[in-house]
Amino acid sequence: MISRDKVEAVLSRIRPLLQADGGDIVLVEVDDCSAGVRLTGMCAGCPSARMTLYDGIETILRDEIPELGSLRLV
Amino acid sequence: MTTVSSPSDSVLVGRSAKMRALLEFLNVISNSESTVLITGESGTGKEVTATLIHQSSRRKHRPFIAVSCALFSETLIESELFGHERGAFTGAVKDRPGRFELAEGGTIFLDDVDDVPIAMQVKLLRVLQNRTIERLGSTRTLPVNVRIIAGTKRDLRHMVAEGKFREDLYYRLNVLPVMLPPLRERRDDIPLLMDHFLERYFRRRGDDTPAISAGTKEAFMRYDWPGNVRELENACERIAQTCTCGTMRIGCVSMSILSQAAKRPPVAHTLPSSLDEATPISLDARLQELEASLIGWALKVSNGNKSKAAELLRVKRSTLGDRIERCGLGRAEAAEKVDRRVAVPA
């Protein structure tokens, strides 16, 4: 089981930058090998931003939490 | 390999103390005939600088030839720079002028001069001293009237100390040294460079330059830019190709920039203390950044409820609506509503 706190700790570093733009990332669920997040606010409706943030956040998370298999946008 | 300058794209952008000093120095040396050595990390604008020197010199109507010495093998570089006569080596089927001859009357920019093999350095030294060349396979000495600008990303003094670069050549090249600062040492110029490149790429797309969010500016300011201005230019091109909402926000920024920026403390907007160093800042732009970030915060903590956000900010509900529009936050709000419709509840 992936530690929710660990995921939150990584997200909390990215979060201030999103919040500065009126957006946010919410950790919705964590299970054995994956996590689900929801983007809200400013960039949530932009396809380019969703892809960038999705890819990027997954890469950063995997970098620091190798046991994380995949990230889902929910 | 060889580029003839395109004037519209060759511009050094910056108002920082370092860049102003540099631009003033370039003005002084442009009309000189002496050799220039431009030192700077990759992406700091060595070729742009060389082009500018050429364009503001008396030689501007003559050719500007840029050659990267890193591109050629030890055997090829001599023929590339000095040319060859027919039959000089296998495959030399006709006479061919070298880059020095092509630059006659103008300027030659020898980039990556640190990559010139040591045996070849002697020949380069001879050109610098005598202003003559000999084509490969020829005994004829040709005079050349060319201004030489060399570029390097390494510290040539260090290479001299290690025995990898000839000391005499170093001194011949280093007559007018120009040091280009890495972007991380002139962060004040980042917003200016962003405006410059975004304007260029959005104009190419046929669109007006959109507003830049406070978060994007902050991320750009915090990032170290190891690829310097070139990397920043590419980041701006990418934004111009992918931005869909008319305002540049944090989601437009590549994740490598965002992740490094996330690890760093906020950059304090330092303001120079003396008039000598001070460059103009836009009070309105700074205030708008602050306003947008506070409104963003209020909307966030009130879950998008504008009445509550207005209370938090102690403004009227109608005033907040106007300010949201003014900061360009309105469109994103609409986007969020769309997103909520499709989002699966947690």
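What share of the contacts in chain B with a separation of 6 or more comes from residues 24 or more positions apart? I looked this up before anything else, keeping in mind that the model is predicted, and found that such residues account for 77% of those contacts in chain B.

**Chain B, overall.** I noted 15 helices and eleven strands in the secondary structure of chain B, and I found that buried residues make up 34% of its 346 residues.

**Five-stranded sheet of chain B.** I followed the strand order as E2-E5-E8-E1-E9 in chain B, an open sheet of five strands with parallel pairing. Strand E2 (64-68) and strand E9 (176-179) of chain B stand at the edges with a single partner strand each, so one side of each has no neighbour in the sheet. From one strand to the next I read an average twist of 20 degrees. I then turned to helix H2 (residues 46-55) of chain B, which packs on this sheet and touches strand E1 (36-39), E2, E5, strand E8 (147-152) and E9 of chain B, its direction making about 165 degrees with that of E5(B).

**Strand E5 of chain B.** I went along strand E5 (residues 107-111) of chain B, which pairs with E2(B) in the parallel sense over five bridges; on that side I found B:Ile65 with B:Ile108 as its bridge partner, and B:Ala66 opposite B:Phe109. Towards E8(B), which runs parallel to E5(B), I noted four bridges, and here B:Leu110 stands opposite B:Ala150.

**Helix H5 of chain B.** I checked the span of helix H5 (residues 118-130) of chain B, whose 13 residues reach 19 Å from the first C-alpha to the last, close to the 18 Å expected at 1.5 Å a residue. Just after H5(B), I noted that B:Arg131 takes a positive phi of about 55 degrees.

**Sheet of chain A.** In chain A I found an open sheet of three strands in the order E1-E2-E3, with mixed pairing. Its edge strands are strand E1 (23-30) and strand E3 (70-73) of chain A, each pairing on one side only. Strand E2 (residues 34-41) of chain A runs parallel to E3(A) and is joined to it by four bridges, and I noted A:Ala35 opposite A:Leu71 in E3(A). H1(A) packs on the sheet and touches E1 and E2 of chain A, its direction making about 165 degrees with that of E1(A), whereas helix H2 (residues 47-64) of chain A lies across E1, E2 and E3 of chain A and runs at about 150 degrees to E3(A).

**Nonpolar cores.** Which residues have the most contacts inside the largest nonpolar core? I found A:Ile14, A:Leu17, B:Ala219, B:Cys236, B:Ile239 and B:Leu258 in this core of 54 residues. Its largest share, seven residues, comes from helix H1 (residues 4-20) of chain A, and the core also draws at least three residues from each of domain 2 (185-279) and domain 3 (282-346) of chain B.

Technical notes
Residues numbered from 1 in each chain as written. Chains lettered and ligands numbered in written order. Predicted model: local features only at pLDDT ≥ 70, side-chain atom pairs only at ≥ 80, totals over all residues. Pairing = 2+ DSSP bridges. Helix = DSSP H or I, 4+ residues; strand = E, 2+ residues; numbered from the N terminus. Axes fitted to C-alpha atoms, helices over the stretch in contact; angles between N-to-C directions. Contact = placed C-beta atoms within 7 Å. Buried ≥ 20, exposed ≤ 12 C-beta atoms within 10 Å, placed from the backbone. Core = buried A, V, L, I, M, F, W, Y, C linked by C-beta atoms within 7 Å. Domains from an automatic or database assignment. Expected span 1.5 Å × (residues − 1).
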